[in-house]
Amino acid sequence: MSSGSTHTRPETERKRTEILRAAIETFGTKGSVNGTLNDVAEQVGITHAGVLHHFGSKQNLLLEMLEFRDRDDVAHLESRRIPDGPALFAHLVATAQRNALRAGIVQVYTVLSAESVTDEHPAKTFFEDRYRVLRGEVADAFRALCAQEGVTEPDTIAKASASILAVMDGLQLQWLLDPTAIDLGGASEFAIEAIVNGVLRGGPGISSYVRGDG
């Protein structure tokens, strides 16, 4: 009995991971509405009931798939969590560079995040919570960076925090549509640096350039 229990859990985890990766491909390509559990099951050589055995429902599979993506984002870090303080900005750039090598995960995130704005979507709460937490973490990183650089905390931090996340997600969409036109890592690094510098150093507004004052 002891021997059987030793091998059962690793095998279960391997199968769950296999199903999650198949779900990423299925729902990234077809969306959460058109993609089915049968599609996922066929990819891993099991039945629809087999997928339900591991995840219980399509909704649970979708949510665990998103959590799997988040774990994958930090799996290479010793702490297994997003870094605090100014190091967070370097982590965001590194994540964009890694994303350029894993189109499937980027695709499913982009598709599901867009779908989540609809009423009663199973991932709506996940994305609402995710963006709220990430905005807070980026804002905290800005405050730490301002303190480190001796900059009085500006009133642009909230806008800048939302903008960094928006730019990263928007660049991912453009990259998925035409990978040859967008350097995902390079464009993300440029945008993040520009926003960080805007918070630290400020500068003339766009209207001043329109008037020719800049």
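Mentor: Helix α4 (residues 58–74) and helix α6 (residues 103–115) pack with their axes 11 Å apart and at an angle of about 130°, and α4 and α6 are therefore oblique to each other. Here the axes are lines fitted to C-alpha atoms, for helices over the stretch in contact, with angles running from 0 to 180 degrees between N-to-C directions; angles under 35 degrees count as roughly parallel, over 145 as roughly antiparallel, 65 to 115 as roughly perpendicular, and the rest as oblique. The model is a predicted one, in which local features need pLDDT of at least 70 and side-chain atom pairs count only at pLDDT 80 or more, while totals for chains, interfaces and linings use all residues. Residues are numbered from 1 along each chain as its sequence is written, and side-chain values use heavy atoms, with hydrogens and water left out.

The crossing of α4 and α6 is left-handed, a term that applies if the near helix is turned anticlockwise from the far one by less than a right angle, right-handed being the word if it is turned clockwise. From α4, the residues Leu62, Met65, Leu66, Arg69 and Asp72 make the contact with Ile105, Val108, Tyr109 and Leu112 of α6, where contact means heavy atoms within 4.5 Å. By class, this contact of α4 with α6 has seven nonpolar, no polar and two charged residues; Ala, Val, Leu, Ile, Met, Phe, Trp, Tyr, Cys and Pro count as nonpolar, Asp, Glu, Lys and Arg as charged, and the others, Gly among them, as polar.

Helix α6 itself has 13 residues and reaches 18 Å from its first C-alpha to its last, close to the 18 Å expected at 1.5 Å a residue, the expected span being 1.5 Å times one less than the number of residues. Its buried residues are Ile105, Val106, Val108, Tyr109, Thr110, Leu112, Ser113 and Glu115, where buried means under 20% relative accessible area, exposed over 50%, and partly exposed in between, with a 1.4 Å probe and protein chains only. In the loop between α6 and α7 lies Glu120, which has a positive phi of about 60° although it is not a glycine, and which counts as exposed at 77% relative accessibility.

Both α4 and α6 also belong to the surroundings of α5, whose buried residues pack against α4, α6, α7 (124–149), α8 and α9 (184–201). Among those buried in α5 are Leu88, Phe89, Leu92 and Ala96. The axes of α5 (residues 87–99) and α8 (residues 157–177) come within 12 Å and cross at roughly 10°, and α5 and α8 are therefore roughly parallel to each other. In this pairing Phe89, Leu92, Ala96 and Asn99 of α5 meet Ile164, Met168, Gln172 and Trp175 of α8, and the residues of the contact divide into six nonpolar, two polar and no charged.

As for the whole, the protein chain has ten helices and zero strands, helices (H or I, at least four residues) and strands (E, at least two) being DSSP runs numbered from the N terminus. Of its 214 residues, 39% count as buried, and residues 24 or more positions apart account for 67% of the contacts with a separation of 6 or more.
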